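Hello,

Please find the structure below. My notes on it follow.

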Amino acid sequence: MAEFPAKVNTETSSPPSRGGTGFQSFVSRYVSMDMDFIRTIPAVLMLVEIVLGLLVWALIAGSSYSNIPAYGWVMFVSVIFWLLTMFLFFVLFLGVRSRMSFLPWPLMLLIFNATAAVLYLTAFIANAASVYNDHQGAAAFFAIVVTLAYGASTFFAFLSWRGDGGNAATDTVPA
């Protein structure tokens with residue numbers, strides 16, 4: 001028992017610093033995954049928009065669409081909004097929006113989703129009017145489903161912008 005104090009080290013260590021340099025420092029400073037966002041209705045709608053938007057442009061791209069000008073518009077709308085929705089999803093999921101609180105997020109989401117819904121509706125009409133094989137028919141079906149998803153996202157963005165989105169399932173960003 002007399003040797004006990006000699007064998008005990010009472011020195012404490014500090015946790016590793018998060019200061020570092022380079023990419024790891026940037027990520028730990030500006031990015032934090034918002035797992036609560038994944039459980040919201042707007043996040044699920046964004047995932048639906050991403051998956052079905054991919055199907056729209058992949059089905060069009062998999063067929064010979066260059067002979068019909070309407071499919072150029074369908075490809076433009078579907079690819080642009082697919083990319084923008086993926087970017088926006090990662091911005092919201094990774095918490096980058098909290099570092100850019102100077103932006104009016106509820107209004108931006110409302111404008112983005114409303115614009116996407118209207119332009120996807122025009123792409124659906126152009127697609128449905130020009131169907132000449134099964135791929136284009138399937139793309140038209142998925143385009144209207146994506147249009148409805150963007151419409152639902154517009155509704156939830158409107159609730160958030162107006163301030164009625166107090167429910168955790170409908171509030172995507174703090175006002």
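Phe156 has a relative accessibility of 14% and counts as buried, where buried means under 20% relative accessible area, exposed over 50% and partly exposed in between, with a 1.4 Å probe and protein chains only. Phe155 is partly exposed at 47%. This is a predicted model, in which local features need pLDDT of at least 70 and side-chain atom pairs count only at pLDDT 80 or more, while totals for chains, interfaces and linings use all residues. Residues are numbered from 1 along each chain as its sequence is written, and side-chain values use heavy atoms, with hydrogens and water left out.

Aromatic pairs

Rings of Phe, Tyr and Trp (its six-membered ring) pair if their centres lie within 6.5 Å; planes under 30 degrees apart count as stacked, over 60 as edge-to-face and the rest as tilted. By this rule there are 13 aromatic pairs. One of them joins Phe81 and Phe112, a tilted pair with 5.7 Å centre to centre and 55° between the planes. Phe81 lies in helix α5 (residues 70-93) and Phe112 in helix α7 (residues 105-129), so this pair ties together parts that are 31 residues apart in sequence. Helices here are DSSP runs (H or I, at least four residues), numbered from the N terminus. Separately, Phe37, Phe89, Phe90 and Phe93 form one aromatic cluster.

Trp73, Phe76, Ile80 and Leu84 make a nonpolar surface patch of about 350 Å². Areas come from the Shrake-Rupley method with a 1.4 Å probe. Ile80 is in helix α5 and is partly exposed at 33%.

Met108 is in helix α7, partly exposed at 34%. Its C-alpha atom is separated by 9.0 Å from that of Trp161, 53 residues apart along the chain.

Ser63

Ser63 sits in the loop between α4 (41-61) and α5 and is buried at 12%. Leaving aside neighbours within four places in sequence, Ser63 is in contact (heavy atoms within 4.5 Å) with Asn133, His135 and Gln136.

Regards

Terms used: Helices (H or I, at least four residues) and strands (E, at least two) are DSSP runs, numbered from the N terminus. Patches are made of residues with over 30% relative accessible area and no salt bridge: like charges are joined within 9 Å, nonpolar side chains (Val, Leu, Ile, Met, Phe, Trp, Tyr) within 5 Å. A salt bridge is a side-chain nitrogen of Lys or Arg within 4 Å of a carboxyl oxygen of Asp or Glu.
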